[in-house]
Amino acid sequence: MSSTEGVVDVPAQAAPSQPAPQPEGTSANTTTQTHPAPTNEAASTHDNAPSNTAAAGVPTGTEPAAPPPMSKNALKRLRRAQEWEDGKDDRRKRRKEKRQTRRERQREERAALVAQGVDPKSLAPPPRPPSALVPVALIVDCDFERYMTDKERVSLSSQVTRCYADNRAARYRSHLWLAGWGGAIERRFNDVLGRQQDHWKGVGFAPGDFLACAELAREKMRGGSGAQAAGEMIPALQRSVDEPVSWDVAEREPFPLPDPAPPLDERYRDVVYLTSESPYTLQRLEPHTSYVIGGLVDKNREKGLCYRRAREKGIRTARLPIGEFMVLKSRQILATNHVVEIMLKWLECEDWGEAFMAVIPKRKGGKLIGEEGEEGVEEGASEVVEDEDVGDDVQEVDDEAAESAEAGDTGEGIGEGGDDAKQETQ
């Protein structure tokens, strides 16, 4: 057998990891060179190489795809957000200086009045009446994230903060709940607003939908944690029990739908979804009832969204009786915190007209029915002045919130949220 045949006849799989020694008398020039077969470990690595590359998401023989470039608008938004974050300390400092200036001015005015003989006790603000919890739940449905832009989500977070502030300062406090808690609004509160909600008192956070949240609120109002935790039955609510509330449907539906309405779900007869598209008008607030307010900021793009959501689940709906008490020069669409404040005001005065006039922004030009002023240029001029007054009120609220924030109070987000909302609208 020739030397060449001897080398070829050796099986590849039986070859050792090192080259086999050549037989004696074999010429190097006539020997066919063979490479050592790969070891099991090397063979496994070689066989798995394509799959590892594919698993890594990198196409074989090509470079990783570069991320798409950001648009000019996206870069502008990113730059503005960074500038806003960098200027937080400066804004806080300016608010503090403005607050100190206002306090100094008030001290000087007070000293001047005392020097004129005014009784110092008459200059003190009247004491606030004690706040009482009542068995009424206000649920803000925050489960509309996919229908809103980033700017609108920022506005919603500011409105939610003001809902808490209004409820805490109200004469009669409700059981305030936030349904659908999670997603972008929770991340904003955790990151941008410094988890201020962890210090809120009397607020419930439910990750489920508004019905799951209503069940939690029902347990609280029924005295699940004691009679004191359930709330006080005030005269306004007691009259709703003594005089049953009527639920008459309007002759013409504001938002007609082609399919017939499903029957009401008897398990949730104590739940009412407030929406302007409802054919029913809210007459009074009832005890041990949850009123759901849609946390949706969409510039009225998604018409009837809250109404359809409640209707499909067999939940009662109602709208505020704005048209029965007021004439507005704009749409009867209110912010979430305005609806909460109106409900709280009704518990205090038991008068829808008074509640509307105290809460609805003056820029909407609202007048009680029967008290409409004369139309003309003078009325238009008064609207400009009223709008300026509203701006001053908002700034005053922001300053007070900033003051409470530095004192460690739970109202920190009022100033932060208000500043954010104004910055987004610039």
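A residue is counted as buried when its relative accessible area is under 20%, and as exposed when that area is over 50%, with partly exposed residues in between. By this rule, in the predicted model described here, both faces of strand S5 are covered. Thr289, Tyr291 and Ile293 on one side are all buried, as are Ser290, Val292 and Gly294 on the other. In a regular strand the side chains alternate between the two faces of the sheet. Six of the six residues of S5 are thus classed as buried, and the strand is mostly covered.

Strand S5 belongs to an open sheet of six strands, arranged in the order S3-S2-S1-S5-S4-S6 with parallel pairing. Strand S3 (203–206) and strand S6 (316–318) are the edge strands, each pairing on one side only. From one strand to the next, the twist averages 30°. Strands of a sheet pair through backbone hydrogen bonds, either parallel or antiparallel. On one side, S5 pairs with S1 in the parallel sense over six bridges, and Val136 has Thr289 of S5 as its bridge partner. S4 also runs parallel to S5, to which it is joined by four bridges; here Val271 stands opposite Ser290 in S5.

The model contains 15 salt bridges. Side chains of opposite charge can pair when their charged atoms come close. Arg301 and Glu152 meet in one of these salt bridges, with an N to O distance of 2.7 Å. The two residues are 149 residues apart and link distant parts of the chain: Arg301 lies in the loop between strand S5 (289–294) and helix H11 (305–312), and Glu152 in helix H6 (residues 150–169). Arg301 is partly exposed, with a relative accessible area of 43%, whereas Glu152 has a relative accessibility of 7% and is therefore counted as buried.

A second salt bridge is formed by Asp270 and Arg218, whose closest N and O atoms are 2.9 Å apart. Asp270 is in the loop between helix H10 (235–242) and strand S4 (271–274), and Arg218 is in helix H8 (residues 210–221), so the pair ties together parts of the chain 52 residues apart in sequence. With 13% relative accessibility Asp270 is classed as buried, while Arg218, at 24%, is partly exposed.

In a further salt bridge, the side chains of Glu350 and Arg239 meet at 2.6 Å, N to O. This pair also links distant parts of the chain, 111 residues apart, with Glu350 in the loop between helix H13 (336–349) and helix H14 (352–359) and Arg239 in helix H10. Glu350 is partly exposed at 25% relative accessibility, and Arg239 is likewise partly exposed, with a relative accessible area of 35%.

One cavity of 30 Å³ or more is present in the structure. The largest cavity holds about 40 Å³ of space. Its lining consists of Cys142, Glu145, Met148, Arg153, Leu156 and Ile185. By class, four of the lining residues are nonpolar and two are charged, with no polar residues.

Terms used
Residues are numbered from 1 along each chain as its sequence is written. This is a predicted model: local features need pLDDT of at least 70, side-chain atom pairs count only at pLDDT 80 or more; totals for chains, interfaces and linings use all residues. Side-chain values use heavy atoms; hydrogens and water are left out. Two strands pair if DSSP finds at least two bridges between them. Axes are lines fitted to C-alpha atoms, for helices over the stretch in contact, and angles run from 0 to 180 degrees between N-to-C directions. On a 1 Å grid over the protein atoms alone, a cavity is a set of points where a 1.4 Å probe fits but cannot get out, and a pocket is an open set with protein on both sides within 12 Å along at least five of seven lines; lining residues have an atom within 4 Å of a point. Grid points are joined across faces, edges and corners, and a volume is the space filled by probe spheres set on the points. Ala, Val, Leu, Ile, Met, Phe, Trp, Tyr, Cys and Pro count as nonpolar, Asp, Glu, Lys and Arg as charged, and the others, Gly among them, as polar. A salt bridge is a side-chain nitrogen of Lys or Arg within 4 Å of a carboxyl oxygen of Asp or Glu. Buried means under 20% relative accessible area, exposed over 50%, partly exposed in between (1.4 Å probe, protein chains only).
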